[in-house]
Amino acid sequence: MGFRLPGMFTAKQGAEAKNVPKGYVAVYVGEAQKKRFVVPISYLKNPSFQNLLSQAEEEFGFDHPMGGLTIPCTEEAFIDITSSLNNS
């Protein structure tokens, strides 16, 4: 079952996966299997999202294994946090 949250979407596979719209940033989320999400840059100023970024800094420093910003939390926790940002 899938659903779409306004302002956030999962990236498509293939050539389109590298395209990130202006005003958005791609992040990789998950524990064993990483999933790529594209989120608005406005999330970066939110304290809840900044907490996720701090966790990423503690775990990975500036060397992210996926080549992009990797956030060390479950996909469910990430969706919970970002959906609350959409509702505020």
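Where is the place of N19 in the chain? In this predicted model, N19 sits in the loop between β1 (9-10) and β2. The residue has a relative accessibility of 55% and counts as exposed, because the cut-off for exposure is over 50%.

The overall fold was examined next. The protein chain contains two helices and four strands. Along the sequence, these elements follow the pattern β-β-β-α-β-α. The chain has 88 residues, of which 33% count as buried. Contacts were also sorted by sequence separation. Among those between residues at least 6 apart, 56% join residues at least 24 apart.

The two helices pack against each other. Helix α1 covers residues 47-60, and helix α2 covers residues 75-87. Their axes are 9 Å apart and meet at an angle of about 150°. Helix α1 is therefore roughly antiparallel to α2, since angles over 145 degrees fall in that class. On the α1 side, the contact is made by S48, F49 and L52. On the α2 side, F78, I81, T82 and L85 take part. By class, five of the residues in this contact are nonpolar and two are polar.

The largest nonpolar core is a set of twelve residues. Its members are V27, V29, F37, V39, Y43, F49, L52, I71, C73, F78, I79 and L85. Both strands and helices contribute to this core: β2 (24-29), β3, α1 and α2 each supply at least two residues. Helix α2 gives the most, with three residues.

Is R36 buried or exposed? R36 has a relative accessible area of 15%. The residue is therefore buried, because the cut-off for burial is under 20%. The side chain of R36 is joined to that of Y28 by a polar contact of 3.5 Å.

N19, in the loop between β1 and β2, is exposed.

Conventions. Residues are numbered from 1 along each chain as its sequence is written. This is a predicted model: local features need pLDDT of at least 70, side-chain atom pairs count only at pLDDT 80 or more; totals for chains, interfaces and linings use all residues. Side-chain values use heavy atoms; hydrogens and water are left out. Buried means under 20% relative accessible area, exposed over 50%, partly exposed in between (1.4 Å probe, protein chains only). A polar contact is a pair of N or O atoms within 3.5 Å; within protein, one must be able to donate a hydrogen and the other to accept it, and residues adjacent in sequence count only if both atoms are side-chain atoms. Axes are lines fitted to C-alpha atoms, for helices over the stretch in contact, and angles run from 0 to 180 degrees between N-to-C directions. Angles under 35 degrees count as roughly parallel, over 145 as roughly antiparallel, 65 to 115 as roughly perpendicular and the rest as oblique. Contact means heavy atoms within 4.5 Å. Ala, Val, Leu, Ile, Met, Phe, Trp, Tyr, Cys and Pro count as nonpolar, Asp, Glu, Lys and Arg as charged, and the others, Gly among them, as polar. A nonpolar core is a set of buried Ala, Val, Leu, Ile, Met, Phe, Trp, Tyr and Cys residues joined through side-chain atoms within 4.5 Å.
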